[in-house]
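Visitor: Please take a close look at one thing in this model, namely the way neighbouring segments of the chain pack against each other. Go through it residue by residue where you can.

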Amino acid sequence: MPRRLVMLMTDKMIPHRRLCVALLAVLGLASAASEVISPLPPMGFNNWARYMDALNETLFVETTDAMLAKGLLKAGYNRINLDDCWSPRERLANGSMTWDTDKFPQGLPWLASYIKAKGFIPGIYTDAGTLSCAGYPGAYGYEEIDAKDFADWGFEFVKLDGCNMPTGTEDEYRKVYGKWHEILSKMDNPMVFSESAPAYFAEAANLTNWYKVMSWVPEFGQLARHSRDTLVWNSTLYWPDITGWDSILFNYGQEVRLGRFQRPGYFNDPDFLNVDHFDYTLDERRSHFALWASFSAPLILSTDVLSLTDEEVKYLTNADIIAVDQDPLVQQASLVSQSVDWDVLTKSLSNGDRLLTILNKGSTAADLTVPWTHIGLVTNTRHTPSKLSVKDLWTGRSETIDLKRSKRFNVKNIPPHGTAIFRISNPALGSSVQTVPTGVIFNTYSLSCLTDSSSRGGLITWTNCTALDSQIWRVREDGTLSSLADEKRCLVEKDGRIQSGDCSKHSKWDYFLSGALINRDSKKCLTETQDAGAFAISDACGYMTNEQVVALPVGVTVKSLADDDSVFDLRMNGA
Ligand code: GLA
């Protein structure tokens, strides 16, 4: 995306955000905007997936020292977070929490200052409910006391888990997480707030509550766990049927549904990098890292840092890939195309470069060819650069490609479950790669892709994703959308039917944080039906329904809930 466009979009977003926050504040949903407490995704270490309840002072001291010695701090991994099980089973008589003195003989304030003295930022865990997930005291009803203690002990990051809530309703989660937001944001040094609430609403038969929770977590905190735990070290005891790779793909698959929520200062969290789990190949570990970085996701290692080999440290500290994660635009790469064996993702970077990430889900090494148009380049215009410089972020090698000779990029020999990752620049001095948001439009419940069969005499349908041009949509700034199968026609809405037609009529759409894609003329929502033919229709907008929540390519302007009349009215009416 051109730098100019990036700046324009960012500028445009500010009034919407202010308006939204003001309106949400009126409704008691947020006291004030979360100031940008953590503009970039957090990086660091957490004990849970690797050590679970076997945490203690020695583990944290040795891990801190090893993170420093192995160059992980220098690479950006600057947080050391404690997870569950640091306390005794009961609170003190005065209601306060304290630490388990067998595990932490010198106390948590001592440990926090040790961590800080080595150049890291310490973080702690608690639970929004009455008990933590492992059965230790939860913070429900003790929010002020606990938050003050955590700050007094020296912690600057709090993960608020969501087990054991009294009733478990979405409304209750919103109130309790909102309360923590109020408390944390009033502190002299506001803590980074990691919210686990969405994970408790994922995978439901009706995803409305998951989407609702996702719509408020960015107002309250800086990162939110949206789905399953990454595998713990002895995962076969708990999840005997889930392989390491299935687990990575599962969380990856949840993350891609939620791209619209991410923005500077708020990050979707697909959970830890448990890169030493026994059930991964080296290529799978590297994919885990490269995919999370492509998302600008938090990079929190939950691994035995002391035993990390040089080879592992080398890929985890790859400066080019970390720069993608920590890019100031913090775009979450979105799907260009998806098929049984391949996912292709792209996003823009703050200097105007474009990212290309290719995941080989197949079980053999294979080649893939990606047309430049798929990652958003508009060829044959005077803005198209004559050459592109493509850097392979694994090898560090760059090549220059003449666009007149090559309309597509050939990638060779991507290993099974491996991820190729490239940074694409315009080699002309001071120029960026001009792109238009491009990729699949999919229903985030069914995962069906919006498919334009018009060039073959058909209609617009929802079908399995197959990576055909008919499923790759270009979303223009004026609100029109065309598939790459027929760029001269646009997605239009007529009498409740969705068709490919004249770009000048009924062809403009707005995309909202609710996930609704709304036609500007009829105010109706793009809707999936599973009726025979699976035709796309337009229908009255519901409240974040399974049929109407869709994912669009990153870079499309996402309008706030406050601008989304139907959703906002419903929320005001307490729906
Ligand atoms: C839940 C969370 C994990 C971890 C454990 C601790 O499962 O999702 O990340 O915090 O609780 O008990």
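**Helix against helix**

Guide: On the α3 side, E57, F60, V61, T64 and D65 make the contact, and they meet W110, L111, Y114 and I115 of α5. Keep in mind from here on that this is a predicted model. Helix α3 covers residues 57–69 and helix α5 covers residues 108–117; their axes come within 10 Å and cross at roughly 5°. An angle under 35 degrees counts as roughly parallel, so α3 is roughly parallel to α5. Sorted by class, the residues of this contact are six nonpolar, one polar and two charged.

A second pair is found further along the chain. Helix α9 (residues 244–255) packs with helix α10 (residues 282–294) at an angle of about 10°, and the two axes are 11 Å apart. This pair is therefore described as roughly parallel too, α9 to α10. From α9 the contact takes W245, I248, N251 and Y252, while α10 supplies E284, S287, H288, L291 and W292. Here the classes are five nonpolar, three polar and one charged.

The third pair is arranged at another kind of angle. The axes of helix α6, residues 143–153, and helix α7, residues 170–185, come within 10 Å and cross at roughly 45°. The two helices, α6 and α7, are therefore oblique to each other. The crossing of α6 past α7 is right-handed. E143, E144, D146, A147 and F150 are the α6 residues in the contact, and they meet V176, K179, W180, I183 and L184 of α7. By class, the contact between α6 and α7 has six nonpolar residues, four charged ones and no polar ones.

Around the ligand are W48, D83, D84, Y125, C133, A134, K159, D161, R225 and D229. For D83, a polar side-chain atom lies 2.6 Å from a ligand oxygen. For D84, the distance from a polar side-chain atom to an oxygen atom of the ligand is 2.7 Å. R225 has a polar side-chain atom 3.2 Å from an oxygen atom of the ligand.

To go back over the angles in the model: α3 and α5 cross at roughly 5°, α9 and α10 pack at about 10°, and α6 and α7 cross at roughly 45°.

Terms used. Residues numbered from 1 in each chain as written. Predicted model: local features only at pLDDT ≥ 70, side-chain atom pairs only at ≥ 80, totals over all residues. Heavy atoms only, no water. Axes fitted to C-alpha atoms, helices over the stretch in contact; angles between N-to-C directions. Helix = DSSP H or I, 4+ residues; strand = E, 2+ residues; numbered from the N terminus. Parallel < 35°, antiparallel > 145°, perpendicular 65-115°, else oblique. Left-handed = near helix turned anticlockwise from the far one by under 90°. Contact = heavy atoms within 4.5 Å. Nonpolar A, V, L, I, M, F, W, Y, C, P; charged D, E, K, R; others polar. Near = heavy atom within 4 Å. Polar contact = N/O pair within 3.5 Å; in protein donor to acceptor, adjacent residues only side chain to side chain.
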